[in-house]
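Trainee: I have a new structure to read. Please walk me through its side-chain features.

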Amino acid sequence: MRLRAALSVALVGLSLAVVVPTATAVPDPPSHEGAGVPQPTIALPPEGTYGHPLWDSWFDLGEYGYEEQEYFVSGTATAGAATAPYTTRIIVFRPTAASGQFNGTVLLDWVNVTAQFENAVDSIEAHEFLLREGYAWVHVSAQVAGLDTPLVPNPLVPKKWDPARYAAINHPGDQYAFDMFSQIAKAVKDGGLAGPDPMGSLDVDYVLAAGQSQSASKLTEYVNSHQETADVIDGFLIHGTFGGDGPAASDVPVIHLESDADVALGATPHDNIALWEVAGAAHSDYWIGYHSVFGNGPRSQLHAAKVSRAEKERISIEAGNYGEQVHPLLAACTLAGAAMPMHYVTSSAIAHLDKWVRGGATPDSGVKINTDRLGSVLAGQFGNTQGGIRLAPMEVPVASYQSTVCQLGGKTIPFSEVQLLAMYGSHQSYYAKFKAAVAQNVTDGWLLPDDATDLLKRACDSRNRFGTPQATAVSYCLGYAPTLG
């Protein structure tokens, strides 16, 4: 734990020492050290057949001042009165020591295994924010289904994908996943019992945990039944509980983040738990789907070379479509479809959570999404959701966000040029309204300033939807980058 030193200046005269007081910085609160959690053993995996991990970065991290390393984590895990040996794996994505970017916080992503392979949803959602703000993040293989499927020929689990590399993997069952997760958090903070330090030479202050959907349910169970005893994780992002109420209580900060498909009548904010329900967002969205298909897909299935930063950012521009551009994947529910940009709110949630665990203010909870007595989401104009946290694309829409169709996905139906001109009169009028909504989102805390800039650029570039070619320069949305004013 790094403490900010108090500063003083001593002026010494011939016979009198004069101390000039200065402001003393308030130290950050101590992190949760997990005194009773065993430290596991850390080892490097063999090269295997392909020489790289399954689900490693598909773009060149070095161009961002980052590096990655896969580790095997081994130990003895406890579930109730039972114990079992285990070996699982983690992939650590961290700023290089030379870059000096590390902000002291590590995000553990309990990766989702609903599809019977691993999907690091929150790391995908927030990766641009994590990179620009100097976070480290860890892909944690916490559950059996993400590592091996003995009865199913699944090429997208490590034991099948590269048997030579992952021969040592041995998961004793999901009942042990909670203690395994605690031990991984302990190793990230303090290093392993033996073997290399998974954080290299970086000095870790705080460890956050995140998980989406099925992983959110696991983290809810962790907070309810394991956090108090383990006492090693400093805060949680529990994202998309799919109708679950979230944790009953917590002794550390929790942000419970939900889409339209996830809302539950019983979910409420309470002590140490902030509730964010984002209107128009689906359980799985376009940002995740597009990056999975055009980023992770070629790397994991074809062993394609990592792409450059420029190519990665081109793909992310496409993936960030909020419906301002027409694209066939906007209708591809589950694969992509739902384009309300939840990735911005995920990033903001992590930023707020990090400040909160460091002693900052408790973030506000948003307005709940409107539902009927049975919990069904109520739709308003254009079929878009009523209530909830309303990002600018919902307040000043260019599309209908059919967020609760297809269960896990959704569809986005862009308005026609005729509709847009009838609604706003011109692109300039649309942009002015959108810009005001973006500024309010920043004020309310749902949107970070850097993401507001990105969103405004997209809105500016949507002028082709109003009959003005993008190549045509417009003065009213030039210079939006420095401020929102």
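Predicted model: local features only at pLDDT ≥ 70, side-chain atom pairs only at ≥ 80, totals over all residues.

Trainee: Which residue does the side chain of Arg390 meet in a salt bridge?

Mentor: Glu395 is the partner, with 2.8 Å from N to O. Glu395 has 48% relative accessibility, so Glu395 counts as partly exposed.

Trainee: How many salt bridges does the count come to?

Mentor: The count is 24 salt bridges. Take Glu311 and Arg314, whose side chains meet at 2.8 Å, N to O. Both residues lie in helix H7, three residues apart, which is about one turn of the helix.

Trainee: Are Glu311 and Arg314 buried or exposed, or partly exposed?

Mentor: Glu311 is partly exposed at 28% relative accessibility. Arg314 is also partly exposed, with a relative accessible area of 43%.

Trainee: Where do Asp190 and Lys186 lie?

Mentor: Both are in helix H3, residues 177–190. They are four residues apart, about one turn of the helix. Exposure needs a cut-off here: buried means under 20% relative accessible area. Lys186 has 9%, so Lys186 is buried. Asp190 has 37%, so Asp190 is partly exposed.

Trainee: Which residues are linked in a network of salt bridges?

Mentor: Asp28, Asp205, Asp354 and Arg358 are linked in such a network.

Trainee: Now the cysteines. How many disulfides does the count come to?

Mentor: Two disulfides. One joins Cys333 to Cys406, with 2.4 Å from S to S. The torsion about that S-S bond is about -90 degrees, so the disulfide is left-handed. This pair links distant parts of the chain, 73 residues apart. Cys333 is in the loop between helix H7 (309–319) and helix H8 (342–357). Cys406 is in the loop between strand E12 (399–402) and strand E13 (411–414).

Trainee: What is the relative accessibility of Cys333, and what is the relative accessible area of Cys406?

Mentor: Cys333 is at 30%, which counts as partly exposed. Cys406 is at 31% and is partly exposed too.

Trainee: Which cysteine does a disulfide join to Cys460?

Mentor: Cys477, with an S to S distance of 2.0 Å. The torsion about this S-S bond is about 55 degrees, so the disulfide is right-handed. Cys460 lies in helix H12 and Cys477 in the segment after H12, so the pair ties together parts that are 17 residues apart in sequence. Both Cys460 and Cys477 are buried.

Trainee: What is the pairing when the bonded cysteines are numbered in sequence order?

Mentor: The pairing is 1-2, 3-4.

Trainee: On to the rings. How many aromatic pairs does the count come to?

Mentor: There are 22 aromatic pairs. Phe59 and Tyr64 make an edge-to-face pair, 5.7 Å centre to centre, with 70 degrees between the planes. Phe59 and Tyr64 are buried. Then look at Tyr431 and Tyr476. Their ring centres are 6.3 Å apart and their planes are at 55 degrees, so this pair is tilted. The two residues are 45 apart in the chain, with Tyr431 in helix H11 (residues 427–444) and Tyr476 in the segment after helix H12 (449–461).

Trainee: Is Tyr431 buried or exposed?

Mentor: Tyr431 is at 2% relative accessibility, so Tyr431 counts as buried. Tyr476 is partly exposed, with a relative accessible area of 25%.

Trainee: Which residue lies over the face of Phe59?

Mentor: Lys312 does, at 5.5 Å from the ring centre. Rings also gather in groups. Trp110, Phe178, Phe181, Tyr222 and Phe236 form one aromatic cluster.

Trainee: Where is the place of Phe102?

Mentor: Phe102 is in the loop between strand E5 (82–95) and strand E6 (105–110). At 13% relative accessibility, Phe102 counts as buried. Leaving out residues up to four places away in sequence, Phe102 touches several others, including Pro95, Ala136, Met199 and Leu202. Gly134 is also one of its contacts. The C-alpha atoms of Phe102 and Gly134 are separated by 4.6 Å, while the two residues are 32 apart along the chain.

Key. Residues numbered from 1 in each chain as written. Heavy atoms only, no water. Phe/Tyr/Trp six-rings, centres within 6.5 Å; stacked < 30°, edge-to-face > 60°. Buried < 20%, exposed > 50% of the residue type's maximum accessible area, 1.4 Å probe, protein only. Lys NZ or Arg CZ within 6 Å of the ring centre and 35° of its normal. Contact = heavy atoms within 4.5 Å. Disulfide = S-S within 2.5 Å. Salt bridge = Lys/Arg side-chain N within 4 Å of Asp/Glu carboxyl O.
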